Amino acid sequence: MDNSAEEVWSGARTPPAGDGWYTGRGFWLNEIYGEELNEDDPRLTLEEKHAFEVSAPSEGSGAEQYRVFELPVTDARSEVPAVNRGALRLSDLNHDPEGLRTALFTTYDLVDDVGWLQEELRLRRDLPITLCVHSWFEQQEQQDSYLASWRSCFDDAVVHFPKTAGGGTCRTFRSRHGLASYLSSWMRSFSRLGHVLASLILSSAGQDSSVGQGRGWNDWICTVHSKLLLLEFPDRLRVAVTTANLTRTHWCFRGEAVWVQDFPRVEPGDDGTAPSEQPDASRILCGGQFAVGLAHFVADLLAGAPRGRRGVWTARLAAFDFSRAAAGLVPSLPGLFPRGRARPPGGGAVLRLWAERAAGSARNLSRALLRQTSAGAWALLSAGTASATLTARLSIESLAALGAAEELGLRVRPEVELFESDSWEEDHNEETASPKPDGEKSHAAWLVRAVVEGPCRATWAQDLPALVSCIEVDYGLFALRRCLEDSPWLQEEELHYAAISSSVDWLRDGWMEDFDACVGRDASHRSPGPAVIAPGGDAPLHMSYGELAKRRKLRTHSPPWHAPGRERVPNHSKIIARHLWDSTNGKPYGWVYLGSHNLTAWAWGSIVGDRRHSKLWVGNRELGVLLIQPRASEGSPGDHGADSLFAGTPLPFGLPLLPADIEGRELQRWGDEEEQGIHEWSWGHGGEADEASGMWQEACWKFAGWRSGSWGNQSWWQDDAEPSERESETAEPQDWRFRASSGWWWVP
């Protein structure tokens, strides 16, 4: 067999029909509706070109707002008629509209057309909907107006903008590691000298062993970038991890990817009763890596959500069986964290608790004791001293987690590990914050690693969401390492190692080497990191692609054999694949990542510290899955042919990988807004620093049409405007195929 045959590594399957079950063994590309044509496209008729002229955007409507003509792939003029082989539509995810009980969605971009989403997914008006979206809004009234657009379509809609805490006063932990990573990302976008200085900042931070695991400076401003869909049916929970935001543009006109698996309700009992509707905490705590990771991610995301949605969704997840998950879950949450410890034998969990160091307590402690006071509350006391003294005060969430562990019958080990941090706690609500004495302006925060062990003796605890959110889970690069470290990945058998991403960071060789180490790749005699697929066409590229070309890491976006024309569709997918060939058994093996992580340090994290005490600093909330085809052990038949994982992983690019030639293409600098959120824009585009707080202000941040209060040339949160006034601002074209769009390079 030809080891480089493209069919071996990339194949498309048809989604299950009707009420068939998604097994999670592979993924799908999205079904493309058509092409977006601009006014200069020669395929347009004179009549269609004239329609462009009468529908031109008004002046001052935003530089990235423009008109496009939607040309369906079924049109004879289409250049991409074969892009949808084995593709999946968003509507395919809802096979039973009447039976669907509830749904949870996460997205980065605002859902600009709720009616389209409702129609496409066939969502009933009375369906309880929970949406978690990046907080684009500065003011509460803007959030309320956006929520009103959802409530106009659904009777029970909760729109949640995750932050570090709910309420008007947000308390965050800030650390020098977070600031170092933030500075380094910003400095890389200016010059080679800035790139060198950025590396020095990170390396100096990593060599400082006194810096501990603060929650992270970026925890307050992190981007909610995950794209998750949870659909609960009577017999199953459908989990979809995608690369697409919940907009028509992304699902119909961008190159995306979707992973789906159905998880059954728990099996009926011996008495023949129906599958259980009752939640059971053990199904999460003892349900395996996927169950713990998903519940942990959802509990963190829904902290502070209205109508008790955090508890509702934790209970729903605890009614399903995740033991047959076909993929490893790869989450990212913002902050600075050590690598997770193994779960204690016999049941239980390792917890990450948070505490504020008591005044006068020692700064160099590494151990402490968890004890209950006479009032029943938990206290953190010093260990190894003649008299136990108060070391730190646990956070409310940490106390709730310990209370839930007790309620479930788990035993709390008294000995805990302490990780000192240079983080401090800051009150962001200046109106309600009472001034503190000069000596008490800030208190360092601790990360406390505790262990709860034993079997669950109860099925539920009121504060289980707090317990689940405190479970120690690996993120980003550490999650990749955890999923891949138990299998051999022989470097001499590597054939392809490639990544396609909608955003690429200024990634130094050291970061690429860390990435390779986490996926079990020995790059001592090779260039570190995956080859990167270059965006096709002749549009301007970010300057980071020029740097990749200099390193000979850039590859052409060739047409995939199963869906020629995909290379012409603007890519928004985030996929990393490593293919190896078992020369002994003549079979393929390897892995494929799919999810919201772009190829950036902001998404995957930066490893700091020495090898023995390394930590990971992450900037975003991300979620992805890792599909693994391990190397067949000696004498094992393994999977191959139609049974191979790769038969169901339709890569959106062709193989073998060919060097990309970007000579002559314009290289530009623009902000990495997808990765670093609104504050990165203010830093990199003329923002001003508040000397008192050290926080960067957003006054200079401009994204035409959004901060000015308009979306698609309309005032989308100014509900008091008369319809006639809104219509007079921009006249919609008569031809339904015309619409306003945004430059795809701006849309994360």
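With which side chain does the side chain of E494 make a polar contact at 3.3 Å? Select E494 and R526: the partner is the side chain of R526, where a polar contact is a pair of N or O atoms within 3.5 Å, within protein one able to donate a hydrogen and the other to accept it, and residues adjacent in sequence counting only if both atoms are side-chain atoms.

Before going further, note that this is a predicted model, in which local features need pLDDT of at least 70 and side-chain atom pairs count only at pLDDT 80 or more, while totals for chains, interfaces and linings use all residues. Residues are numbered from 1 along each chain as its sequence is written, and side-chain values use heavy atoms, with hydrogens and water left out.

E494 lies in strand β22 (residues 494-500), helices (H or I, at least four residues) and strands (E, at least two) being DSSP runs numbered from the N terminus. Its relative accessible area is 11%, so E494 is classed as buried (under 20%, with exposed over 50% and partly exposed in between; 1.4 Å probe, protein chains only).

Next, select K227 and K574, which the "binding site" annotation of an unreviewed UniProt entry covers; UniProt positions are given in the numbering used here, feature names are shortened, and annotations may be inferred rather than shown by experiment. The two span 348 residues in sequence, yet no two of their C-alpha atoms are more than 11.4 Å apart, so they gather at one spot. K227 sits in the loop between β8 (223-224) and β9 (228-232) and is buried at 0% relative accessibility. K574, in the loop between β25 (554-555) and β26 (575-582), is buried at 1%, and its side chain reaches the backbone oxygen of H572 at 2.8 Å. Leaving out residues up to four places away in sequence, K227 is in contact (heavy atoms within 4.5 Å) with residues including H572 and K574.

Finally, select F27, V239, W259, L353 and L370, the residues with the most contacts inside the largest nonpolar core, which has 91 residues; such a core is a set of buried Ala, Val, Leu, Ile, Met, Phe, Trp, Tyr and Cys residues joined through side-chain atoms within 4.5 Å. Its largest share, nine residues, comes from helix α9 (residues 289-301). A second, separate core of 41 residues includes W116, I129, W136 and L231.
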